[in-house]
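Okay, thanks for coming, everyone.

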Amino acid sequence: MGKDANYTTISKIKLLLYKECIIYNRMILAATDPSEIADLREMLASIKLKIESLDELEELEDEQEVEEYITTNNNIFFLLSDTGKIIALESLRKNIPRDYYPAFKELLLGLKVGKAKGLKRLKRYGYLELKDFKIRVTFDKLSNGNYIILDCFMKKVDTGISYRNNLANRTSQYQRKQKQFLADHTKEEFIKEHEGYFIEILSLLESKDLEGEEKNVARSI
């Protein structure tokens with residue numbers, strides 16, 4: 001059985017498991033006996049663990065080893081939303097627990113200096129990924145020494161669908177803006193603008209919690 005067939009089989013199994021999750025959630029809402037509810041929650045947790053395992057397997061099927069030399073002292077650019085927001089910055093600020101900031105900083109600085117950690121190519125989308133435990137940085141190569149960060153995000157346990165949606169959404173946004181970046185990324189003013197974005201992101205990743213600060217409020221980008 002080929003890799004594409006494996007991927008299709010995994011997706012079908014996951015779909016069946018997601019349907020089971022819906023059924024058990026409905027049963028939990030309808031149940032009144034605490035013992036029955038506990039049993040149903042245990043079954044639901046077991047199904048979610050199976051989905052998690054299939055998510056990991058599906059991700060491995062989609063990844064490809066990369067034998068690519070990453071230059072040193074690279075220019076790092078950042079994909080912007082249609083409203084002009086730095087997508088990676090907004091994701092880090094709103095969706096990422098601060099405990100993971102040092103790991104994201106390591107990945108981003110590693111790409112800057114040519115030490116790409118956990119480098120993979122996502123076959124389905126064609127662009128690249130840096131990965132560490134539970135975290136991902138998706139990016140693409142504009143030219144030698146020039147890379148664009150598409151997004152930074154968590155690979156969470158039971159969010160396989162949102163993970164795929166995230167990748168699909170960023171791909172769509174990047175495709176709309178790719179020609180612009182290819183045309184502008186060698187211009188000095190454009191480089192300096194994105195250097196400022198990089199400094200802003202590093203400043204966030206190095207920041208400490210402020211008492212009373214509202215953290216990790218999820219919102220769409």
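When I say salt bridge, I mean a side-chain nitrogen of Lys or Arg within 4 Å of a carboxyl oxygen of Asp or Glu. With that, D82, R176 and K177 are linked in a network of salt bridges, and the structure holds eight salt bridges.

Quick housekeeping: this is a predicted model, where local features need pLDDT of at least 70, side-chain atom pairs count only at pLDDT 80 or more, and totals for chains, interfaces and linings use all residues. Residues are numbered from 1 along each chain as its sequence is written, and side-chain values use heavy atoms, with hydrogens and water left out.

Next pair: R170 and D151, with the closest N and O atoms 2.7 Å apart. R170 sits in helix α5 and D151 in strand β6, so this bridge ties together parts that are 19 residues apart in sequence. (Helices are DSSP runs of H or I, at least four residues; strands are E, at least two; both are numbered from the N terminus.)

So are these two buried or exposed? Both R170 and D151 are buried, meaning under 20% relative accessible area; exposed is over 50%, partly exposed in between, with a 1.4 Å probe and protein chains only.

Then there's K105 with E206, at 2.9 Å, N to O. That one links distant parts of the chain, 101 residues apart: K105 is in helix α4, E206 in the segment after α6.

As for α6 itself, its buried residues include F190, H194 and L205. Down the axis of α6, the buried residues fall within an arc of 155° (taken from the directions from the helix axis to the C-beta atoms), so they line one face. On the other side, E188, E189, K192 and I199 are exposed.
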